[in-house]
Amino acid sequence: MTQHGSALNFRDFVDGLLTAGDAIDIRRPVDPLLEAAAVTRRVYETRSPAPLFANLLGAAPGFRLLGAPAGLSGVPGQTYGRLAAHFGLAPGTTPRHLLEKLIAAMHAEPVAPRVVDSGPCKEHVLRGDAVDLERFPVPLLHEQDGGRYVGTYGFHVVRTPDGRWTSWSVSRSMLHGPRTLVGPAMPQQHLGMIHQMWRERGEATPWAMVLGAPPAALAAAGMPLPAEVSEDGYVGALAGSPVEVVRTETNDLYVPANSEIVLEGWISPDETAPEGPMGEYHGYTAADPKPQPVFHVEAITHRTDPILPMCVAGRPTEENHTIWGTMISAAALDQLRADGLPVDLAWCSYEAATCWLVVSVDIRRLAATGLDERGLADAVAASLFTSHAGWLVPKVLLVADDIDITDTDQVVWALATRYHPGTGEYPYPDAPGIPLVPYLTPEEVRSGRGGKAVISCLLPENFEGRTRGIPTDFHHSYPPAIRQRVLDNWADYGFPAPVRGGGAPA
Ligand SMILES: Cc1cc2nc3c(=O)[nH]c(=O)nc-3n(C[C@H](O)[C@H](O)[C@H](O)COP(=O)(O)O)c2cc1C
Ligand SMILES: [Mn+2]
């Protein structure tokens, strides 16, 4: 027996999408070189159901590929349905509800994983000469990419040499040879930190990569939880039950027992190889490959007819925005609250490609602080730009809490009508940040600092706890009886259910 449900079992997650009509089982032959990715790109851009490719040219029979595992859904009222399924939540779940759940689990006691003897990921165990990554349908994602990517929607498993901290983290990995991968392990990310600890001992880093992981575990591995926090215990708290894990074949690590595919081996302490470029989360492709660590695969275990999930990174909206962006939003909101700031919600607008975080300010509490705009911007920057989550996001937009920040139309309206040029922008040239942000100067990339700002869309009266006038929209311009009549008669007028909007004002 293995644990079930869409949060803790990837196969159940896929079956659930198929049953709900939010995934399509594609039986005709598809080329994993560019064709599968092109389909997936069009799926993201049209909010079509997730493609499950069951017949892939060149791959072992039965080996499958799932595109757009957390793409936005086109089903009316279920935009975030695939994301919500990662946490076992209903398809109509709102971002605000999801963020509060993610934050509550950050404050709950961690629930350590439960070790089991075996599980579906051990249905096939490949050692020695049988270890060949070419058996899998390793996709070429974009014409401009420097190679094919095995790991775009999987997580690395590493543990500190003293065993105190296990890290699960998402970071891309490119096929380098039949038994080797290459990919980034940035020193600011926990994979890089733990790899460095082993390097300092002159040892290889014991490593595993989990593909087709329990969806809640994948999401947690894409979340900037603080250093020294083991993501496995967070997933247990989030899912309400421990993750079942099994020991690897070769290196004493533990991986979720029902994962689709597990690669295990070690990260070389010194060997590097050129990696990339790859079309990235911000929507651009870097010009050149870069030297990155090499990962050696000693064993592969997998389920029967394994499903390899893939993210075809690029212009919004893909999983870097829906998963990474959402998990950053939760961590950032928790940080701002912990620092006592008068915030309502924080949200990385998916359309902004994880390059901005919008924060809605509780203006009644703001008025009570007595802060002016500069004081608030400085306090927000001090809170976020020193945190693990805030390192990832270069721009922070502040808006009053009459804006629903999960509705980008409203954020654009606030930016256009409230941000004051010349006075509303507060740059922080010394703040450390992720060097991948597209507009950074070469000097900012080198130093790892700058290009960060707090942008205020607050109006002077917001600091006195008031908003400007009454907005002209459905919710403010009509008496309740008229609004109710319109809602009640919507279908009778002849309209289908609205695809978007129609929610309550913030
Ligand atoms: C689909 C997806 C792809 C990602 N790719 C990378 C990547 O290639 N490199 C990276 O450093 N972070 C990547 N991330 C973000 C990290 O997973 C995230 O910052 C996480 O917090 C890292 O784990 P850590 O906080 O334990 O270091 C990706 C996230 C997602 C959801
Ligand atoms: Mn971590």
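By class, the shell around ligand 1 holds 8 nonpolar, 8 polar and 3 charged residues. The model is predicted. Of the 19 residues around ligand 1, five come nearest: Val 170, Arg 172, His 190, Trp 324 and His 388. Two secondary-structure elements, strand E8 (166-170) and helix H8 (319-338), each supply at least two residues of this shell. Helix H8 gives the most, with 4 residues.

A nitrogen atom of ligand 1 lies 3.1 Å from an N or O atom in the side chain of Ser 171. The side chain of Glu 231 places an N or O atom 3.1 Å from an oxygen atom of ligand 1.

H4 runs over residues 95-107, 13 residues in total. At 1.5 Å a residue, H4 should span 18 Å. The C-alpha atoms at its ends are 19 Å apart, which agrees with that expectation. The buried residues of H4 are Pro 95, Leu 98, Leu 99, Leu 102, Ile 103 and Ala 105. These residues cover an arc of only 160° around the axis, so they lie on the same side of H4. In an α-helix there are 3.6 residues a turn, so residues three or four places apart point the same way.

Key:
Residues are numbered from 1 along each chain as its sequence is written. Chains are lettered from A and ligands numbered from 1 in the order in which they are written. This is a predicted model: local features need pLDDT of at least 70, side-chain atom pairs count only at pLDDT 80 or more; totals for chains, interfaces and linings use all residues. Side-chain values use heavy atoms; hydrogens and water are left out. A residue is near a molecule or strand if one of its heavy atoms lies within 4 Å of it. A polar contact is a pair of N or O atoms within 3.5 Å; within protein, one must be able to donate a hydrogen and the other to accept it, and residues adjacent in sequence count only if both atoms are side-chain atoms. Ala, Val, Leu, Ile, Met, Phe, Trp, Tyr, Cys and Pro count as nonpolar, Asp, Glu, Lys and Arg as charged, and the others, Gly among them, as polar. The expected span of a helix is 1.5 Å times one less than its number of residues. Buried means under 20% relative accessible area, exposed over 50%, partly exposed in between (1.4 Å probe, protein chains only). The arc is that of the directions from the helix axis to the C-beta atoms.
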